[in-house]
Amino acid sequence: MKRVLKNCFIAAASILAIAGAAEPASARSAPATYGKPLLATDANCFSLSSNGTVAYASPACSDTRTFQFPLVTDWAGWFTAHVYAFGDTSSNNVGCQAVGMSNGTGTLPNWVSWWAPNPVQYLPSFGSNQTISTTSYVPASGGAFVNCYVSPGGRLNVVEW
């Protein structure tokens, strides 16, 4: 009887361990307020919506400014980021580019490598919310981000990766 109970206990523990094993992280998303202007001096070029979730490029700056989203990655490999954005006309355009980077401890110490294999992707059309998709590579122990180039009146809603 003890042996049967012991075997049942081991089997139950094994099932629980398998069922509770961590799975790879699935897609993540964050509101535009997760990011920030690339340059601190551009902070006045962006404003937030009343509920704090949407970043607008304000008319305080008359030219295109960069907004950056840091991305959490769990492993090396290719990733695709989707930025949901809006521009009423081509004067309010938004373009984004995914970038991966090394941690600077590889074969050339203190040398950080950047991967931005695809050109900047812009809004496919204007007057409604659109998706900008951009892809890059992140090496082991590296980092990833998306830079968005936002013209005055352009809007960033959500980033998903």
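**Notebook: disulfides**

I looked up the disulfides first (a disulfide being a pair of cysteine sulfur atoms within 2.5 Å), and one of them joins Cys96 to Cys148, with an S to S distance of 2.2 Å. I noted that this pair links distant parts of the chain, with Cys96 in strand E7 (residues 94-101) and Cys148 in strand E11 (residues 143-150), 52 residues apart. Strands (E, at least two residues) are DSSP runs numbered from the N terminus, as are helices (H or I, at least four residues).

I recorded that this is a predicted model, in which local features need pLDDT of at least 70 and side-chain atom pairs count only at pLDDT 80 or more, while totals for chains, interfaces and linings use all residues. Residues are numbered from 1 along each chain as its sequence is written, and side-chain values use heavy atoms, with hydrogens and water left out.

I then checked the torsion: the link of Cys96 and Cys148 has 110° about the S-S bond and is right-handed. Both Cys96 and Cys148 are buried; buried means under 20% relative accessible area, exposed over 50%, and partly exposed in between (1.4 Å probe, protein chains only).

I counted two disulfides in the structure. The other entry concerns Cys45 and Cys61, which are joined with an S to S distance of 1.7 Å. Cys45 sits in the loop between strand E2 (36-37) and strand E3 (46-48), and Cys61 in the loop between strand E4 (55-57) and strand E5 (65-71), so the pair ties together parts that are 16 residues apart in sequence. The torsion about the S-S bond of Cys45 and Cys61 is about -60°, and the disulfide is therefore left-handed. I found Cys45 and Cys61 both buried.

Finally, I numbered the bonded cysteines of the protein in sequence order and noted the pairing as 1-2, 3-4.
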